[in-house]
Amino acid sequence: MYRHLTSSLLGRRVRHPQLTPVRLRPGSGDCRRWEEEKKEDGVKWTQLEHRGPYFAPLYEPLPDDVQFYYDGKPLKLSLATEEIATFYAKMLDHEYTTKETFQKNFFNDWRKEMTSTEQDIIKDLDKCDFREIHKYFVDKSEARKALSKEEKQKLKAEADKIQEQYGYCILDGHREKIGNFKTEPPGLFRGRGDHPKMGMLKKRIMPEDVVINCSKDSKIPEPPEGHKWKEVRFDNTVTWLASWTENIQNTLKYIMLNPSSKLKGEKDWQKYELARRLKDVVHKIRAGYRADWKSKEMRKRQIAVALYFIDKLALRAGNEKEEGETADTVGCCSLRVEHIKLHPKLDGQEHVVEFDFLGKDSIRYYNKVSVEKLVFKNLQLFMKNKDSGDDLFDRLNTVILNKHLQRLMDGLSAKVFRTYNASITLQEQLKALTNSEDSVAGKLLSYNRANRAVAILCNHQRSIPKTFEKSMQILQMKIDAKKQEVEKAQKELKKAEEEFEDTKDAKAEANVEKKKKLLKRLEEQLARLNVQATDKEENKQIALGTSKLNYLDPRISIAWCKKFGVPIEKIYNKTQREKFAWAIDMTNEDFEF
C-alpha cells in the first residue's frame, strides 16, 4: 500500500456542494454559544457535516541531478525507497540522527520498504551518503524564504482556499472551525526524550484507514476517487470528525474541533469547575490519606502514600500498557523499587526520597523530596524483601486508585488533582510575586516565574533550543547597545542641566525636560531588555506552554491581567484568546479559583 498511491490523493480536492449553515438567531455566533440550551446527557450534537480530512500530497521525486550515494558511488533508488531516504536526509543536521536508536530503527524500517535488489546492496547505514539530498532541501527551504511578497501571498491564498474548503464544519447550525483537518504526512517518528521507537517509519494515511463521523442527515464526505473510507459512523456522543490508527504506537488519532469551538469551550469550563470543586474537599481528603498511613491494611497504606505523591508532586497515575508496546514509562501506581532511593538524611534534610524514572513521553522525572516521616517509614516497608524490578505499590493499580478517588469525590482523578494543584500554585505564586508598582515587563516576568513554578511541579521540561545561544548573543548585543545609548543620554542631560544653570532661560529649561524624557524612555527600554534576558535564561529548559494551555484555569490569568493592567494579549496569543473566549467573557479581576 505504501508504494502504490493514486494521484487522486495529491492535494485532495473533492468537490462537495458548499457547506451552508442554517439561519442563526441574532447573537448566536458570538462567544456566548456555550450558554445555549443543553442537550441530554451524553449527546454532544444533533447536526454535524464536514468534508473529511485533507490528505498529505504525494511524494515528488528528486531531480535527476540530486543523488544518493552508497559506499561512495551514486545509486538510483526506487520511488518508495527514495522518499524514505528524504525523511532521513532532511534531519541530518538534527540531534536525532546522531542517536543510535534512531539510526537503528530508521534503517530497519527503511530496508523493509526497499526492493530486493536494493536490500542486497544497502546493508550498512554508515556507507549511506544523504548529504546531497539534505543540501537540496536546505536550498529549497531558503528559496521559499526568499520568495517575493507577491509569490508568498499567492501561496497563502492557496492555503486559505484549502482552509475554507476543509477547515470548517457545520455543528448544530454553527459554522465551526476544525482544529487539524490535514492528515499528518509520512515521516520518521521522533518521540520525546529517549523514546525506544524513535526513527521508525510513520506511514502515509490512506482513506481506507479513516473512520468518518457525521450526522445521518448530512452530506457524507466523498473519499478521493478510487478509494473508500474504512467506515462511516453516526455517533453523536463523541466530538471527533474523523479518526485513524497510527502505525508506530497503535494509537488513535483524531480530527477534532478547534479549541475555540463551543464544545471545546464547554469541556474546558467543566474541567476547571471540577478542579474547583476539589478545593472544597481537599482538606478532608488529605486528612483521610494521612490517617491511612497507619492503617492495618497494606492496600490502604499504599493507596494513601500514592495519593500523597499525586497530591504533593503532581505525579500522573500511570496507565497499564502492553509489555514492550511502548517505552518503559511509568506513573505513580507503576513505580518500581528501582525508581526510588531512600535517604534518612540528605543535603541537610530528613526523610528524603530520590525519584528517577521515565514519565509520559519518555521525559525523565528526577526529584529529591523531603517527605513526612510516616511516608518514609511506609516506603521502607513497601520495599522490604523486594528486588529492584518489583512493584513499589504491589497491592495497587490505576483501576483500584481511580475507584478510591471516585468514592472521595464524584469525577475525581489524578488529573483533577494535577489541574487543581497547578491552578492553586499559579494563583498563590502570582499573589506572592506580583508588585503593582512594577512596569508591565516586570509584571510579565513575575507571571512567567509563577508559571514556571507550575511547569516544574508538573515536570514540563524541554531541551534547550538549538537557537538559544545565538538568540541570547543577539539580545546581549541589543542590551550593550542600549546601555551605550543610556550613557550618552545621561551625558547629554548633564550638559543640558549645566547649560540651564548658566543661562536660566526657557529654551534651556525645555531642553532639560526633553533630555530627561529621552533618558527615562531609554532606561525603560533597557529594563525591558534585561527582563527579557532574565526570562529567557530562566525558561530555557522549561516548557511553559503545556501547563498554561492544559492545567491552569485561564480565569486566574485573565483576572490577574485585569487587576494589574496587563494586556491579555501579553499572556495569550490570538489563537489562545479564541480558545479561552468563554473565560475572557465571564471573568472579572476579583475571580478566585
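Trainee: How many helices and strands does the secondary structure of the chain come to?
Mentor: Helices (H or I, at least four residues) and strands (E, at least two) are DSSP runs, numbered from the N terminus. This is a predicted model, where local features need pLDDT of at least 70, side-chain atom pairs count only at pLDDT 80 or more, and totals for chains, interfaces and linings use all residues. Residues are numbered from 1 along each chain as its sequence is written, and side-chain values use heavy atoms, with hydrogens and water left out. The secondary structure comes to 17 helices and 15 strands.

Trainee: What pLDDT does the chain average?
Mentor: pLDDT is the predictor's confidence in each residue, from 0 to 100. In this chain, 89% of the residues score at least 70. The average is 86.

Trainee: Over residues 1–18, how many contacts beyond near neighbours in sequence does the model have?
Mentor: Contact means heavy atoms within 4.5 Å. The pLDDT is below 50 over residues 1–18. Where pLDDT is low, the predicted coordinates should not be read in detail. For this stretch, the number of contacts in the model is 62.

Trainee: And how many contacts beyond four places in sequence does the model have for residues 20–31?
Mentor: Here pLDDT stays under 50. The number of such contacts is 13.

Trainee: What share of the residues in the chain is buried?
Mentor: Buried means under 20% relative accessible area, exposed over 50%, partly exposed in between (1.4 Å probe, protein chains only). The chain has 593 residues. The buried share is 44%.

Trainee: Of the contacts in the chain with a separation of 6 or more, what share comes from residues 24 or more positions apart?
Mentor: The count takes in contacts with a separation of 6 or more. Within that set, the share of residues 24 or more positions apart is 70%.

Trainee: How many aromatic pairs does the structure hold?
Mentor: Rings of Phe, Tyr and Trp (its six-membered ring) pair if their centres lie within 6.5 Å; planes under 30 degrees apart count as stacked, over 60 as edge-to-face and the rest as tilted. The number of pairs is 26.

Trainee: Which kind of pair do Phe 68 and Phe 130 form, stacked, edge-to-face or tilted?
Mentor: Phe 68 is in the loop between strand E1 (48–49) and strand E2 (69–70), and Phe 130 in the loop between strand E4 (128–129) and helix H4 (131–145), 62 residues apart. Both are buried. Their ring centres are 5.4 Å apart and their planes at 55 degrees, so the pair is tilted.

Trainee: Which kind do Tyr 289 and Tyr 308 form?
Mentor: Tyr 289 lies in helix H6 (residues 262–292) and Tyr 308 in helix H7 (residues 298–313), so the pair ties together parts that are 19 residues apart in sequence. Tyr 289 is buried at 5% relative accessibility, and Tyr 308 is buried at 4%. The ring centres are 6.2 Å apart and the planes at 75 degrees, so this pair is edge-to-face.

Trainee: Arg 418 lies over the face of which ring?
Mentor: A charge sits over a ring if NZ of Lys or CZ of Arg is within 6 Å of the ring centre and within 35 degrees of the ring normal. Lys 504 lies over the face of Phe 500, at 5.5 Å from the ring centre. Arg 418 lies at 5.0 Å from the ring centre of Tyr 551.

Trainee: Which elements do the buried residues of H8 pack against?
Mentor: In helix H8 (residues 373–383), Val 375, Phe 376, Asn 378, Leu 379, Phe 382 and Met 383 are buried. They cover an arc (of the directions from the helix axis to the C-beta atoms) of only 165 degrees around the axis, which puts them on the same side of H8. An α-helix has 3.6 residues a turn, so residues three or four places apart point the same way. The buried residues of H8 pack against H7, strand E13 (340–346) and strand E14 (349–358).

Trainee: Is Ser 423 buried or exposed?
Mentor: Ser 423 is in helix H10 (residues 414–433). Its contacts, leaving aside neighbours within four places in sequence, include Tyr 551 and Phe 593. At 0% relative accessibility, Ser 423 counts as buried.

Trainee: What is the phi of Ala 314 near?
Mentor: Ala 314 is in the loop between H7 and E13. With a relative accessible area of 2%, Ala 314 is buried. Its phi is positive, in a residue other than glycine, and near 55 degrees.
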